[in-house]
Amino acid sequence: MILKNANVLYNDKIDKLDIKIENEKIIKIDSNIEAKKNESVLDYKDKYIIAGGIDPHTHFNIFTNTQSSDDFHSGSIAALHGGTTTVIDHPGFGPKDCALNHQINKYHEYAKQSLCDYALHGVAQHINESTFDEMKSLKQSGIHSFKMYLTYLYRLEDNDVIKLLNYAKELDIIICVHAENHFGIEYLKKIYKERTDLLEPLKHALSRANIFESEAVYRLLSFCEAIKFDKLYLVHMSAKESFDVIRLFKDRGLKFYTETCIQYLFLDDCVYLEDDGYKYILSPPLRKKGNEKYIYQAIKDGLVDTIGTDHCTFSLEQKSIGKTDFSSCPNGTPGVEERIALLFTEFLKGTFTAKEFVDLSSKNAASIFQLKNKGCIDKGIDADIIVIEKGKYYFDKIHSLCGYTCYDKIELQAKITDVFLRGEHVIKDGQCINKKQGIYVNNID
Ligand code: URP
Ligand code: ZN
């Protein structure tokens, strides 16, 4: 198959090129590729072609006192419609004291329904005498990263954080971290509860103050510096103060990875004052207008590696308790379907260079998490490809089963019309025609 005449994002620039696909791979990229007899040719004149997106942070099939709207089936359909061909999912917590492979085995089962390709992060919800060996054996099955939380029920305390970082250093594994100071948040939540009867959505944001994130980031990076660990991955960085800390440690020469998410670039905490403000309740929360400028600056300064979504969805009915009691509202927002169109719109506006767009939306995630043959348009790489039409659009139809988007007011310049997953046409003129199952992507030969 040959995709012809598109403006292709290749080698950090845009050029009019043809792409030849065979046996799931891109085998040739050139200015004019001759088709063989009977070879199928698709003409994408005036369209853009970019690499399939990789979302390094989703939560499909998550249960947090209530079941998420999206499982791997619906979540992956939303992902494909939005041009994300691979997700790296963060499993939820398992039962108390469960072994590390408990959630991995469960999520491999869940992921059998996935229509897009997937990888998994492990979840380190406690540390005991078997943790090191369990991490080692999961690494052999292609799990290259484990997430720890500094808040929520199964948070790790500092002594275990340091233990885990040391294990990861020895095993050459990435530690992803949800960095927020648990007791700071609990203290402010308690004050709001005692002093007011109404726990409306804005108080969610106020109780999860910026400094609780930046304090946790400072602490973690200090531990990494002390033990010389260079594989920490800060998930969903949101607060401008955290980027100050990130800059400080980068200037000191420490190596680590930083992820931000689309919601911190495109939304702000004013939405919590709207009638349906509860639909934006997530952690870390949306920050004040103007905070996003610090994130864009950090991107320009090379301090951000990936832009994910933290896609974690609940229906408006499930979330509506948040109208009067944010502390009982299931946390999370959709985004897996919206991410690429939002980011590509910013590329078209000149906010991102071609290199920044590719690095942040797919290439860095592939290289950090060792997703072999993924992440960019190149010879020998999986033919995960998005076709984009330029124009003026809005998100008027979304596929996440949560039934809403947070980005409906944003004018887009990019519409994803067609998607190829390892060479198979899975979204055609906006319709999902997928016959292919997603596969588990790892770097085991
Ligand atoms: O609010 C969010 N992000 N929910 C998902 C779990 C997490 O904190 O990553
Ligand atoms: Zn998350």
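Guide: A polar side-chain atom of Asp310 lies 2.5 Å from a nitrogen atom of ligand 1, which falls under polar contact, meaning a pair of N or O atoms within 3.5 Å, where within protein one must be able to donate a hydrogen and the other to accept it, and residues adjacent in sequence count only if both atoms are side-chain atoms. This is a predicted model, in which local features need pLDDT of at least 70 and side-chain atom pairs count only at pLDDT 80 or more, while totals for chains, interfaces and linings use all residues. Residues are numbered from 1 along each chain as its sequence is written, chains are lettered from A and ligands numbered from 1 in the order in which they are written, and side-chain values use heavy atoms, with hydrogens and water left out.

Visitor: OK, and which residues surround ligand 1?

Guide: The residues around ligand 1 are His57, His59, Lys147, Tyr152, His178, His236, Leu282, Ser283, Asp310, Cys312, Asn331 and Gly332, where near means that a heavy atom of the residue lies within 4 Å of the molecule. Tyr152 places a polar side-chain atom 2.9 Å from an oxygen atom of the ligand, and a polar backbone atom of Gly332 is 3.3 Å from a ligand oxygen atom.

Visitor: Changing topic, how is the chain divided into domains?

Guide: Domain 1 covers 2–50 + 376–432 and domain 2 covers 52–368, with bounds that come from an automatic or database domain assignment. Their C-alpha centres lie 28 Å apart.

Visitor: And how many residues are in contact between them?

Guide: In domain 1, 39 residues are in contact with 47 residues of domain 2, contact meaning heavy atoms within 4.5 Å. The area buried between the domains is about 3600 Å², of which carbon and sulfur atoms give 68%; buried area is the accessible area (1.4 Å probe) that two parts lose on being put together, summed over both.

Visitor: What about salt bridges between domain 1 and domain 2, how many are there?

Guide: There are two salt bridges between domain 1 and domain 2, a salt bridge being a side-chain nitrogen of Lys or Arg within 4 Å of a carboxyl oxygen of Asp or Glu. Glu274 and Lys409 form a salt bridge, with their closest N and O atoms 3.8 Å apart.

Visitor: Which salt bridge lies within a helix, then?

Guide: Glu186 and Lys189 meet in a salt bridge at 3.3 Å, N to O, and because these residues are three apart in helix H5 (residues 182–195), about one helical turn separates them.

Notes: Helices (H or I, at least four residues) and strands (E, at least two) are DSSP runs, numbered from the N terminus.
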